[in-house]
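Subject: A structure for you to look through

Dear colleague,

I am handing over the structure we spoke about, and below it I have written out what was found in it. Please keep the model open while you read, so that you can look up each place as it is named.

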Amino acid sequence: MDFSSFMTSLGTSFLIFVVLMLIFTWLSRKPANDVVYSPNLIVKGLYSSSRTRNPTSWIKEAISSSEDDIISISGVDTAVYFVFLATALAMLFLAGIVLLPSLLPVSITDHSVRLNSTTSNGTFNELDKFSMGHIGQKSDRLWAYLIAVYWVSLVTYFLLWKAYKHVSEIRAASLMSSEVRAEQFAVLVRDIPPPHEGETRKEQVDSYFNAVYPDTFYRSMVVTNNKEVNKIWEELEAYKKNLVIAETVYAQSKTIVSPEGTRPMNRLGLLGLCGKKVDTIDYCNEKISELIPKLEAEQKKTIRDRQVSSALIFFSSRVAAASAAQSLHARMVDHWTVMDAPEPRQIIWDNLSLNYYAREVRKYIVYIIVALAVLFFMLPISVISAFTTLENLAKLLPFIKPVLAIVSIRTVLGAYLPQLTLIIFLAMLPTLVMFLSKLEGIPSESHAVRSASGKYFYFIVFNAFIGVTLGGTLFGNLKDMEEHPNEIAELLGKGLPDNATFFLTFVALRCFVGYGLELSRLVPLIMFYLKKKYLCKTEAEVKEAWAPGDFRYATRIPADLLILTITLCYSVIAPLILPFGIIYFGLGWLVMRNQIWGVSISQGVQDKSKKLHNSHLKCMFHRLRAMEGCGRICIHDFLLH
């Protein structure tokens with residue numbers, strides 16, 4: 001990459017950000033777009049149509065919002081995320097105010113390495129002067145870089161210690177809050193042993209916990225296998241939805257076609273293209289009447305015959321539930337496993353039927369799959385990172401040299417080709433890691449998100465960071481390694497400054513283009529209007545189209561950790577990367593403050609799954625009655641959530 005390519009990448013990334021900011025300012029001021037730019041406020045009832053539409057009002061709101069405001073509107077997880085952003089910003093800022101004024105003069109004034117014999121292979125000489133690659137071998141000036149490493153390390157350790165204390169205080173305050181949550185009175189029990197002959201699962205669970213906690217045990221809810229019930233329920237809900245759509249279309253036809261209207265018709269064959277033609281409204285009413293008694297019968301059968309080895313146990317006090325979740329209830333690890341109960345809408349019901357050994361086997365299989373995927377995914381990343389440099393492309397594909405000779409094409413390809421290739425590869429990972437996490441048998445969505453974020457971080461660090469570094473360095477020095485196999489470590493060390501320019505432009509691209517798209521919400525805006533025009537027939541469907549999405553913790557936090565890892569690792573080697581890291585986390589803190597306040601919800605699971613969980617809970621414990629007392633009322637709310 002030459003200097004013109006670097007400036008093209010940097011300049012166009014910033015220009016795209018400015019354009020996206022202007023688009024956001026223009027679109028967000030239109031009242032019709034409030035459902036796209038403020039859906040969270042609308043859902044929570046905090047939206048005001050008389051609010052100011054000043055272009056900079058969102059910045060003032062983001063800066064003025066306190067940590068308590070964030071916790072109240074989005075939860076503790078979001079507050080912890082902003083502690084992470086603030087800590088990363090402070091790390092890079094404190095490192096930058098020392099490293100930039102101290103290391104840059106040290107490297108610029110070193111004339112022991114000539115510019116025409118720079119250690120960089122394929123990078124531009126102008127920026128080599130600002131990196132450690134411009135320092136001669138065995139120079140006394142390297143002591144400055146060694147001291148800088150200790151400074152960055154001390155700053156990182158100190159700020160991490162402060163952040164840990166702050167997060168602990170936030171968690172403690174949340175647990176001691178007077179606000180009562182239903183799941184605080186419950187625990188989840190797995191690996192329940194088979195009941196004795198003549199004893200039901202519920203009788204077994206009730207007698208066990210009543211003996212252990214005679215004063216605080218309230219009652220139990222045995223989990224059942226609801227696959228058949230859910231199939232009927234989903235079919236019933238589909239017919240109800242089609243009925244509402246058909247009635248809406250029929251009502252609209254009375255005002256458009258004729259006063260009598262036109263009753264909607266549909267065919268019963270494949271995709272509605274063939275088969276018998278029926279009246280949609282009458283047909284849906286008929287199917288609903290058939291499915292309701294069928295669902296009720298299946299619910300009774302499920303409660304009676306399809307109980308699994310898991311249960312939710314409810315206590316009359318939070319202290320008793322917390323104590324039970326932290327206590328051992330059996331000598332064997334595969335019996336009576338007790339843990340804190342997740343929120344009802346976050347429970348992964350299908351995984352509760354897995355016993356201890358099935359979960360362990362699944363876990364290690366997933367670990368092996370992830371390890372192999374990381375290693376083998378690293379191969380195409382390394383190859384692509386090596387091939388997508390223009391010099392290597394010209395060597396491997398000589399016929400494209402005339403194309404690369406054109407200055408404009410060479411500039412654009414050199415600026416964007418490697419970074420865009422890497423970003424496209426990273427976009428393929430989230431679905432895979434989330435699927436693998438749920439495959440382990442994890443009981444809740446939030447735990448699955450946490451597990452997926454760890455896997456995703458391993459992927460991007462080993463592939464996007466280490467893979468690109470090793471791939472670019474090894475491919476460019478294959479001949480030297482063949483001639484001097486004992487100097488591989490030295491060659492890798494010399495090659496590190498070469499990759500700093502790639503990661504510098506990568507951080508800039510993720511910062512300006514990534515946060516520009518996040519703030520402008522162009523893709524959600526376009527998708528909403530397309531759905532509203534062509535797919536949505538009822539008000540419920542329109543509301544579902546603009547409903548706030550989740551915060552995507554599984555990918556957002558690992559992506560931010562990748563930027564922090566890259567910036568810290570190259571902060572001493574190439575201090576010029578520090579300003580871009582500071583801008584990334586500073587802008588991220590500001591933009592995500594706005595997104596959390598008005599756009600996203602914190603939970604890892606969206607509300608659209610709530611109806612299915614309601615059906616599951618009701619069919620397992622539909623006879624539960626409300627009891628007096630704060631704890632028992634909360635338990636009742638939990639079950640009817």
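A residue counts as buried when its relative accessible area is under 20%. Tryptophan 336 has a relative accessibility of 10%, and it therefore counts as buried. Please bear in mind throughout that this is a predicted model.

Tryptophan 336 is found in the loop that runs between helix H12 (318-325) and strand S6 (337-340), and its phi is near 50°, which is a positive value in a residue other than glycine. Most residues other than glycine have a negative phi. Arginine 521 also has a positive phi, in this case near 55°, and is likewise a residue other than glycine. You will find arginine 521 in the loop between helix H20 (488-520) and helix H21 (522-534), and because its relative accessible area is 16%, arginine 521 is buried.

A further tryptophan to look up is tryptophan 233, which has its place in helix H10 (residues 227-256). With a relative accessible area of 14%, tryptophan 233 is buried as well. Although tryptophan 233 and lysine 294 are 61 residues apart in sequence, their C-alpha atoms are 9.7 Å apart in space.

Now to the protein chain as a whole, which has 26 helices and six strands. Of its 641 residues, 46% are buried. If you take the contacts in the protein chain with a separation of 6 or more, 79% of them are accounted for by residues 24 or more positions apart.

Two pairs of helices deserve a careful look. The crossing in which H6 passes H8 is right-handed, and the contact of H6 with H8 has 23 nonpolar residues and five polar ones, but no charged residues.

In the other pair, helix H23 (residues 553-570) packs with helix H24 (residues 577-598) at an angle of about 155°, and their axes are 9 Å apart. H23 and H24 are therefore also roughly antiparallel to each other, although here H23 passes H24 in a left-handed crossing. Among the residues that make this contact are Ala559, Ile563, Ile566 and Tyr570 of H23, together with Ile577, Gly581, Tyr584 and Phe585 of H24. By class, the residues of the contact of H23 with H24 are ten nonpolar, two polar and two charged.

Some of these names return when you turn to the nonpolar cores. The largest nonpolar core has 85 residues, and those with the most contacts inside it are Phe503, Ile566, Tyr570 and Phe585. Which residues is isoleucine 566 in contact with, leaving aside its neighbours within four places in sequence? They are Phe465, Phe503, Phe506, Val507 and Ile577.

With best wishes for your reading of the model,

A colleague

Note on methods:
Residues are numbered from 1 along each chain as its sequence is written. This is a predicted model: local features need pLDDT of at least 70, side-chain atom pairs count only at pLDDT 80 or more; totals for chains, interfaces and linings use all residues. Side-chain values use heavy atoms; hydrogens and water are left out. A crossing is left-handed if the near helix is turned anticlockwise from the far one by less than a right angle, and right-handed if clockwise. Helices (H or I, at least four residues) and strands (E, at least two) are DSSP runs, numbered from the N terminus. Ala, Val, Leu, Ile, Met, Phe, Trp, Tyr, Cys and Pro count as nonpolar, Asp, Glu, Lys and Arg as charged, and the others, Gly among them, as polar. A nonpolar core is a set of buried Ala, Val, Leu, Ile, Met, Phe, Trp, Tyr and Cys residues joined through side-chain atoms within 4.5 Å. Buried means under 20% relative accessible area, exposed over 50%, partly exposed in between (1.4 Å probe, protein chains only). Contact means heavy atoms within 4.5 Å. Axes are lines fitted to C-alpha atoms, for helices over the stretch in contact, and angles run from 0 to 180 degrees between N-to-C directions. Angles under 35 degrees count as roughly parallel, over 145 as roughly antiparallel, 65 to 115 as roughly perpendicular and the rest as oblique.
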